Amino acid sequence: MCGIVGFSSRSTSAVRPLVSGLSRLEYRGYDSAGVALESTAGVRVFKQTGKVAELDKLLKRELPEEERAKYTLGIAHTRWATHGLPTVANAHPHLADGGRLALVHNGIIENYAALRDGLERRGVEFVSQTDTEVLAHLVAAFDRGDFLAAVCEALKRVEGTYGIAAISARHPGEMVVARKGSPLVIGIGEKDTVVASDVSAIVAYTRQVIYLKDGDVAMVTPDGVDIHSLDNSPVSREVQEVDWDIGAIEKGGYDHFMLKEIFEQPDALANTIRGRLDPGGGTAILSGLNLSPRELAAVRRLVIVGCGTSLHAGMVGKCLFESLADVPASPEQAAEFRYSNPIVGPDDWVIALSQSGETADTLAAVRESIRKGALVSALCNVVGSTIAREAGRGVYLHAGPEISVASTKAFTAQVTALLMTALKLGRTRRLSREAGDRLVREITGLPDLVRRVLAQSEAIARIAEKYASASDMFFIGRGILYPVALEGALKVKEVAYVHAEGYQAAELKHGPIALLSEKTPVVALLADIPGKEKTLGNVQECRARNAPVIAVATEGDETAAATDAMVVPKTCPELAPIVSAVALQLFAYHVARLRGCEIDQPRNLAKSVTVE
């Protein structure tokens, strides 16, 4: 997802806050960056392909320090190409009104071609291939002296998704921002007002924020914010306080955010668990679900929707709900859910998983489920996110900000939250208090189990060194560990650019075994769960084809059948996916490091996918 930053101040130059804000959004993935600055002389735009550092160099060359003080209002953007190649011409901000109006945009304008055609017939000339430039010219066409009204009129003609920020030399000191399907948050400081697509670009200036809702259009000045609906009627939004500080989005001595976030998992999981376990009752306390025992007992089926890593967490959740609560559960790819005309109703519970709470496909699945009358909850990491708000009930992960594109601590926190939800649901059925109490004790000890896995980082790095040059890898697992095999393969693909496939271990014989050779390592998940003996048989089949096998095995287990072993602590089957996933995260990280990959910002990937 692209990044937006806006800065408005009475006296502070906007240049450094805009560039700094873009730097804090680099994790989202992008291919070009730009800044637009307003002064009494007009609007100046600086754009560059590549990294924010290149934009910063351009600004230092073309905008001397002594000139910067006069620019106290500006907008900035990092673009991830959709319409048009990553070029300077296609980079944001885009200009209109003879260079007097500048606009940045996240999202996709679906009817941009028709709008562009209409504007061209009226004599408008375009310089880019983007849908965003259409929106800039459309706002200019409606500007009759009221900037906010012009934006509202333009957006009424738009079909699609957007988060925008616009400035105009015709309206000095004014910035207009709006959102529909693409997040925007406004930070309220003592002397400055900051706008961004993510709160991480704001916390250096203030922790007082307003999360805009879909359909909101706001006038932003140094003195504050005036929020309206698309029909230009005033609306009120609550000011909230961000519960983490700037240190949470710094590397803190680690080489990469991914490694930092892997090592943050004991604390992240402790935060996910804290205050949510009831040892006496053998259950979980999840007040955010806002569901009575009677309502939980009425649930007949679960549907878990998510994309990518969240979908893998949902697949683990299926196993947990069915084993602990005796309720059938179906993990569904959120992008397909809405278009499959899903069969859900009042007896079904739809749980939406999203780290950001802004994933477009998952949000669409939530809305479709609500329309069909299902019970809907969300498991999100970002407080105030769209999915959390629209679901209306759910569980916040409290894992802290996740900066690396490849999700790590959000995955383990999602699985932990699903486990506690399954425990709570199970206690409304046939799960005994004794069994529930046993699981409560196991979950309480989870942060320490993860610390023991992290202590194996150097040993896992030595194993990674042996296989970092491999072109292909297979990951195999059974039952509750099969989704972990998929997640392990995904991590290697994401950050190390190695072709990797996850398989249900029994499926190895049904085709993939033909590809095994001494150059094709197989990672086998061998923690203590039912069916482990069968997976050991698959390991023997791999070794018979000379394929090296890397086991993820429990401490003390016999691993002679494997070539190498990553050791995880002994635990119950319900927690085995979490400790095994942490080992695979370390493995993927070290393989990527040894291959010299861009670990935190993998090519072509974005942290939050807010377009379908």
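# Why these words? A guided visit

Visitor: Why does Ser385 count as buried?

Guide: Ser385 has a relative accessibility of 2%. Buried means under 20% relative accessible area, exposed means over 50%, and partly exposed lies in between, using a 1.4 Å probe and protein chains only. Since 2% is under 20%, Ser385 counts as buried. Before we go on, please know that this is a predicted model: local features need pLDDT of at least 70, side-chain atom pairs count only at pLDDT 80 or more, and totals for chains, interfaces and linings use all residues. Residues are numbered from 1 along each chain as its sequence is written, and side-chain values use heavy atoms, leaving out hydrogens and water.

Visitor: Where is Ser385, and what does Ser385 touch?

Guide: Ser385 is in the loop between strand E20 (375-380) and helix H13 (386-391). Such labels come from DSSP runs numbered from the N terminus: helices are H or I with at least four residues, strands are E with at least two. Setting aside neighbours within four places in sequence, Ser385 is in contact with Ser356, Gly357, Glu358 and Cys380. Contact here means heavy atoms within 4.5 Å.

Visitor: What makes Phe7 and Tyr205 a tilted pair?

Guide: Rings of Phe, Tyr and Trp (its six-membered ring) pair if their centres lie within 6.5 Å; planes under 30 degrees apart count as stacked, over 60 as edge-to-face and the rest as tilted. The ring centres of Phe7 and Tyr205 are 5.8 Å apart, with the planes at 55°, so the pair is tilted. Phe7 is in strand E1 (residues 3-9), while Tyr205 is in the loop between strand E10 (192-196) and strand E11 (208-211), 198 residues apart.

Visitor: Why are H10 and H18 called roughly antiparallel?

Guide: Two packed helices are described by the angle between their axes and the distance between the axes. Axes are lines fitted to C-alpha atoms, for helices over the stretch in contact, and angles run from 0 to 180 degrees between N-to-C directions. Helix H10 (residues 309-325) and helix H18 (residues 482-496) pack at about 165°, with their axes 8 Å apart. Angles under 35 degrees count as roughly parallel, over 145 as roughly antiparallel, 65 to 115 as roughly perpendicular and the rest as oblique. H10 and H18 are therefore roughly antiparallel.

Visitor: Which residues meet there?

Guide: Thr309, His312, Met315 and Val316 of H10 meet Tyr482, Pro483, Leu486, Glu487, Leu490 and Lys491 of H18. By class, this contact has 6 nonpolar, 2 polar and 2 charged residues. Ala, Val, Leu, Ile, Met, Phe, Trp, Tyr, Cys and Pro count as nonpolar, Asp, Glu, Lys and Arg as charged, and the others, Gly among them, as polar.

Visitor: What makes H4 and H5 oblique?

Guide: The axes of helix H4 (residues 112-121) and helix H5 (residues 131-141) come within 9 Å and cross at roughly 50°. H4 and H5 are therefore oblique to each other. Tyr112, Leu115, Arg116 and Leu119 of H4 make the contact with Asp131, Val134, His137 and Leu138 of H5. These residues divide into 5 nonpolar, 1 polar and 2 charged.

Visitor: How do you know that Arg116 counts as buried?

Guide: Arg116 has 19% relative accessibility, so Arg116 counts as buried. Not counting residues up to four places away in sequence, Arg116 touches Phe126, Ser128, Gln129, Thr130 and Val134.

Visitor: What makes Asn546 exposed, and what is its phi?

Guide: Asn546 has a relative accessible area of 51%, so Asn546 is exposed. Asn546 is in the loop between helix H19 (532-544) and strand E25 (549-554). Its phi is near 70°, a positive value in a residue other than glycine. Most residues other than glycine have a negative phi, and most peptide bonds are trans. His92 and Pro93 are joined by a cis peptide bond, with omega about 0°.
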